[in-house]
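Visitor: I would like to go through this model with you, one question at a time. Please give the cut-offs behind each term as you reach it.

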Amino acid sequence: MKPKLLVARPIFQTVIDTLTDTFEVTHNQADVPWTPDTWQQAIAQHDAALTTGSDPINAKVLGLQPKLKMAANMAVGFNNFDVPAMTALGVLASNTPDVLTETTADFGFALLMATARRMTESEHYLRAGQWKQWRYDMFAGAEVHGSTLGILGMGRIGQAIARRGALGFGMNVLYHNRSQLDAATEASCQARYVDKETLLKTADHLVLVLPYSAESHHAMGAAELAQMKPTATLVNIARGGIVDDAALAVALQNRQIAAAGLDVFEGEPALNPALLAVPNVVLTPHIASATVKTRLAMAQLAADNLTAYFANGKALTPLNALATF
Ligand code: GLV
């Protein structure tokens, strides 16, 4: 009897095909939304799950003696997993690091550019038929090349953004992170470590790339936004909840900062309606890793984690270690 695998959301059929030798696959190809109850019931009936960042795996979902042996997240972020609870209940967790680093950094930089150069705001103006003539100050934005790039959270994606800024745009790159990088890594992305306050006060463009946790909840709230330059821009490609979206909407409305670019939101896919009411924000629906090639690589890595763990007890990119299989 093959172990039963639940694929929680639609993914590439070619990836499903690589799973069917090992697993009896239930694929939510129709993308039927889960309720907390249907999700819990489905998890109770499967040995493994391929999840996305929207699908929670925690003590409540798992129950006291879960059938589930593994959940493979098709995302590098894993704040939808309670990893300590999974470990305690004997459930292996994996994510998809590395395969999305450069693509996500490309998008972070695109969002920075779109925000600084007011691309969506000016496109809306054009589409609305408001463009009548050239004006010297029409959608004049903030300089990107040669400016100071601040990065909060300096993991793989932060470093890839730093390289783009320093090497491609001649930016002065500053970062803050839980721990300072070693000198060789700092040199490879030409970035200098500063404390958070210096980062907030100095950055012309601040990009958030830190993982979401209880400690990073509202790492950018009203007090932090107040420390930024009035000409500065803020980009969040990390997770909703790292920015206090209500405080950000106020700061944008009052021009306390110049503009923001957001790919992630508190409580997404719902948005704080105040963000929709301000013009100086670029909004995208959590698509930083969304190229066909990268999404395929993410899905395949999640699938390969599952087959490797069920074949030999060794996932490729595990998030926890279990004593027994
Ligand atoms: C996307 O947000 C990811 O964590 O991969």
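Visitor: Is Arg 255 buried, exposed or partly exposed?
Guide: This is a predicted model in which local features need pLDDT of at least 70 and side-chain atom pairs count only at pLDDT 80 or more, while totals for chains, interfaces and linings use all residues. Residues are numbered from 1 along each chain as its sequence is written, and side-chain values use heavy atoms, with hydrogens and water left out. Buried means under 20% relative accessible area, exposed over 50%, and partly exposed in between, with a 1.4 Å probe and protein chains only. Because its relative accessible area is 44%, Arg 255 is partly exposed.

Visitor: Where does Gln 190 lie, and is Gln 190 buried, exposed or partly exposed?
Guide: Gln 190 has a positive phi of about 50° although it is not a glycine. The residue lies in the loop between α8 (183–188) and β8 (191–193). Because its relative accessibility is 46%, Gln 190 counts as partly exposed.

Visitor: Which two residues does a cis peptide bond join, and what is omega there?
Guide: The second residue of the pair, Pro 269, is found in the loop between β11 (259–262) and α12 (273–276). The cis bond joins Glu 268 and Pro 269, with omega at about 10°.

Visitor: What separates the C-alpha atoms of Ala 114 and Ala 260?
Guide: Ala 114 is found in helix α5 (residues 101–116), and because its relative accessibility is 11%, Ala 114 counts as buried. Ala 114 and Ala 260 are 146 residues apart along the chain, and their C-alpha atoms are separated by 9.4 Å.

Visitor: In what order do the 5 strands of the open sheet run?
Guide: Strands of a sheet pair through backbone hydrogen bonds, either parallel or antiparallel. Two strands are taken to pair if DSSP finds at least two bridges between them. In the open sheet the pairing is parallel, and the order is β2-β1-β3-β4-β5. The edge strands, each pairing on one side only, are β2 (24–27) and β5 (92–94).

Visitor: Which residue of β3 stands opposite Leu 5?
Guide: Strand β1 (residues 4–7) and strand β3 (residues 48–51) run parallel and are joined by 3 bridges. Within β3, the residue opposite Leu 5 is Ala 48.

Visitor: Which helix lies in the β-α-β unit with β6 and β7?
Guide: β6 and strand β7 (residues 172–176) run parallel and are joined by 5 bridges, with Thr 148 opposite Asn 172. A crossover is right-handed if, with the strands pointing away from the viewer, the path from the first strand over the helix to the second runs clockwise. The unit made with β6 and β7 is right-handed, and its helix is α7 (residues 156–169).

Visitor: Which residue of β10 is the bridge partner of His 205?
Guide: Strand β9 (residues 205–208) has both faces covered, with His 205 and Val 207 on one side and Leu 206 and Leu 208 on the other, all buried. β9 pairs with β6 in the parallel sense over 4 bridges, and 4 bridges also join β9 to strand β10 (residues 233–236), again parallel. In β10, the partner of His 205 is Thr 233.

Visitor: Which element gives the most residues to the lining of the second largest pocket?
Guide: A pocket is an open set of points on a 1 Å grid over the protein atoms alone, where a 1.4 Å probe fits, with protein on both sides within 12 Å along at least five of seven lines, and lining residues have an atom within 4 Å of a point. The second largest pocket is lined by 15 residues, with Trp 34, Thr 35, Trp 39, Ser 54 and Pro 56 nearest its centre. The elements that give two or more residues to this lining are α2 (36–44) and α3 (59–62). The most, 3 residues, comes from α2.
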